[in-house]
Amino acid sequence: MNDLPKQSPLLQEGERLDDLQRDGLKLIQNPSWFCFGMDAVLLSAFARVKEGQDCLDLGCGNGVIPILLAGKTKGRHFTGLEIQKDIAAMARRSVCYNHLENKVTIETGDIKEAALIWGAASFDVVTSNPPYLTKAHGLTNEADHKAIARHELYCTLEDVIQSAAALCRPGGHFYMVHRPFRLAEIISSMVKHKLEPKRMRLVYPYVDKEPNMVLLEGVRGGNARITVEKPLIVYEKEKVYTEEVKRLYYEK
């Protein structure tokens, strides 16, 4: 994503305005905190939101997934839940910048309490790009924004899946991006909470490398049958996206 010279009164010191390369949408980010990556873009492309549906993103960070989904789908409303007050406030400013106040809402709160905030079975679609690492994976500063985004400090994988299951309406869909090394744990937890895995896609940085991301779809109360889609290769060569990844950035 490219920094933009355009300034806005919604920008604060140390922040930048990045082009989401879709319908003129922009996102406010603070590089010293945590900026979204390829995983958020791929999740927004993998998730399917139908016309009139309500969608919730658990741990929305700077709001990139609700904003992208609002721009590329015909969903009715998109809500983001973020526990860090300053990052949630930044996400709200991005919503205002893009004039999406009628379609996107950012709430401050704890994923573990999400079902209490909205009530059970409140959403047709739930998405999440949660922290990938446990506290044991090289944690240094627990107060750091990057550490909170990357490590399970405020919620665990189980917390995310349990909340998603509670919030999905019967037959509702859950979409998540994570790391393949936790795939057994992910699928086990989804089945436990009756979010039946239905679709999976592994993401490879290069064709000859191991996968470094996995995209998963689960259905609340679905039957036991999963489709494994063809691999997604991100780069043809260094800094050059494959044609499929380019399409995912721009497709409607």
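This is a predicted model: local features need pLDDT of at least 70, side-chain atom pairs count only at pLDDT 80 or more; totals for chains, interfaces and linings use all residues.
Buried here means under 20% relative accessible area.

**Entry 1: helix 2**

**Entry 2: the whole chain**

Next I stepped back for an overview. I noted 8 helices and 13 strands in the chain. Of its 252 residues, 52% are buried. I also looked up how far apart in sequence the contacting residues sit. Among contacts with a separation of 6 or more, 68% join residues 24 or more positions apart.

**Entry 3: helix 1 against helix 2**

What lies against helix 2? I followed up helix 1, residues 38-46, which packs with helix 2, residues 64-72. I read an angle of about 40° between them, with the axes 10 Å apart. The two helices are therefore oblique to each other. Their crossing is right-handed.

From helix 1, the residues in the contact are Ala40, Val41, Leu43, Ser44 and Ala45. From helix 2, I listed Val64, Ile65, Leu68, Leu69 and Lys72 as their partners. By class, I have 8 nonpolar residues, 1 polar and 1 charged in this contact.

**Entry 4: helix 1 against helix 8**

On the helix 1 side, I found Met38, Val41, Leu42 and Ala45 in the contact. Helix 8 brings Val245, Leu248 and Tyr249 to it. My class list for this contact shows 7 nonpolar residues, with no polar and no charged ones.

**Entry 5: Ala45**

Is Ala45 buried or exposed? Its relative accessibility is 18%, which counts as buried because the cut-off is under 20%. I also checked Ala45 against Leu68: the two are 23 residues apart in sequence, and their C-alpha atoms are 8.9 Å apart in space.

**Entry 6: helix 6 and helix 7**

Further along, I looked at helix 6, residues 157-167, and helix 7, residues 183-192. Their axes come within 9 Å and cross at roughly 35°. I noted a right-handed crossing for this pair. Leu157, Glu158 and Ile161 of helix 6 meet Glu185, Ile186, Ser189, Met190 and Lys192 of helix 7. These residues divide into 4 nonpolar, 1 polar and 3 charged.

Helix 6 is mostly covered, with 8 of its 11 residues buried. Those I wrote down are Leu157, Asp159, Val160, Ile161, Ser163, Ala164, Ala165 and Leu167.

**Entry 7: His178**

Strand 7, residues 168-178, holds His178. What is its relative accessible area? The value is 0%, so His178 is buried. I then looked up its contacts, leaving aside neighbours within four places in sequence. They are Pro130, Pro131, Tyr132, Leu157, Ile186, Asn212, Met213 and Val214. Two of these names were already on my page: Leu157 belongs to helix 6 and Ile186 to helix 7, and both sit in the contact of those helices.

**Entry 8: cysteines**

How many disulfides does the structure hold? I found 0. For two cysteines I also looked up accessibility. Cys60 is buried, at a relative accessible area of 5%, while Cys96 is partly exposed, at 33%.

**Entry 9: positive phi**

My last stop was the backbone. Most residues other than glycine have a negative phi, so I wrote down two exceptions.

- Asp23 has a positive phi, near 55°. I found this residue in the loop between strand 1 (16-19) and strand 2 (26-29), and it is partly exposed, with a relative accessible area of 48%.
- Ala121 has a positive phi as well, near 55°. Its place is the loop between helix 4 (114-118) and strand 6 (123-128), and it is partly exposed, with a relative accessible area of 32%.

Definitions and conventions: Residues are numbered from 1 along each chain as its sequence is written. Side-chain values use heavy atoms; hydrogens and water are left out. Axes are lines fitted to C-alpha atoms, for helices over the stretch in contact, and angles run from 0 to 180 degrees between N-to-C directions. Helices (H or I, at least four residues) and strands (E, at least two) are DSSP runs, numbered from the N terminus. Angles under 35 degrees count as roughly parallel, over 145 as roughly antiparallel, 65 to 115 as roughly perpendicular and the rest as oblique. A crossing is left-handed if the near helix is turned anticlockwise from the far one by less than a right angle, and right-handed if clockwise. Contact means heavy atoms within 4.5 Å. Ala, Val, Leu, Ile, Met, Phe, Trp, Tyr, Cys and Pro count as nonpolar, Asp, Glu, Lys and Arg as charged, and the others, Gly among them, as polar. A disulfide is a pair of cysteine sulfur atoms within 2.5 Å. Buried means under 20% relative accessible area, exposed over 50%, partly exposed in between (1.4 Å probe, protein chains only).
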